[in-house]
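Please read this briefing alongside the structure shown below. It takes up strand pairing, then aromatic contacts, then charges placed over rings.

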Amino acid sequence: MKIVVQRSKAAKVTVGEKITGSITHGFVLLVGITHEDTFEDAAYLADKIVHLRVFDDEEGKMNRSLLDIQGEILSVSQFTLYGDCRKGRRPNFMNAARPEKALDIYLRFNEMLEGKGVHVEKGEFGAMMDVSLTNDGPVTLILESK
């Protein structure tokens, strides 16, 4: 799994004219899943994400986690994270998991985050989505399970 983590002051995802998810403060996650990924990969990253110390403490140092600040997550599936652009001019998405496998892991990943006490809003898997956010910092990290 590959996840782009963006610290956000506010974010929302829209499909058509409908807002499918919205948060005020926390993380926007762009979640990519490849063929070899398992529920263990999802569990590893869920635990890593909720405990990442990237929010400011009283002294302005990145020392607090999402759990510490009672932040929220906006989780958006993003198969294009596994786009290979090394050859040609059009990305090759052969490394992205098939939709049925990716959906299963994506849904379980979000359940794992919720099981850790975090409120999770979501995009719509497989849909064309508009994602807007106010990146806080900006702080953007890329996490991988393997």
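Two strands pair if DSSP finds at least two bridges between them, where strands (E, at least two residues) and helices (H or I, at least four residues) are DSSP runs, numbered from the N terminus. By that criterion, 7 bridges join β1 to β3, and the two strands run antiparallel. The model is predicted, with local features needing pLDDT of at least 70 and side-chain atom pairs counting only at pLDDT 80 or more, while totals for chains, interfaces and linings use all residues. Residues are numbered from 1 along each chain as its sequence is written, and side-chain values use heavy atoms, with hydrogens and water left out.

- In the pairing with β3, Val 5 has Leu 29 as its bridge partner.
- Strand β8 (residues 130–144) pairs with β1 in the antiparallel sense over 11 bridges, and Ala 10 stands opposite Thr 134 of β8.
- Strand β2 (residues 18–23) is also paired with β1 in the antiparallel sense, over 5 bridges, with Thr 14 opposite Ile 19.
- β1 and β2 form a hairpin with 2 residues between them, and Gly 16 in the turn has a positive phi of about 65°.

**Aromatic pairs**

- The structure holds 3 aromatic pairs, a term for rings of Phe, Tyr and Trp (its six-membered ring) whose centres lie within 6.5 Å, with planes under 30 degrees apart counted as stacked, over 60 as edge-to-face and the rest as tilted.
- One of them is the tilted pair of Phe 27 and Phe 55, at 5.1 Å centre to centre and with 35° between the planes.
- Because Phe 27 lies in strand β3 (residues 26–32) and Phe 55 in strand β4 (residues 55–56), this pair ties together parts that are 28 residues apart in sequence.
- Phe 27 counts as buried at 1% relative accessibility, and Phe 55 is buried with a relative accessible area of 3%.
- Phe 79 and Phe 93 form an edge-to-face pair, 5.0 Å centre to centre with 65° between the planes.
- Phe 79 counts as partly exposed at 48% relative accessibility, as does Phe 93 at 33%.

**Charges over rings**

- Lys 2 lies over the face of Tyr 82, at 4.9 Å from the ring centre, under a criterion that asks for NZ of Lys or CZ of Arg within 6 Å of the ring centre and within 35 degrees of the ring normal.
- The charged end of Arg 108 sits over the ring of Phe 39, 3.9 Å from its centre.

Conventions:
Buried means under 20% relative accessible area, exposed over 50%, partly exposed in between (1.4 Å probe, protein chains only).
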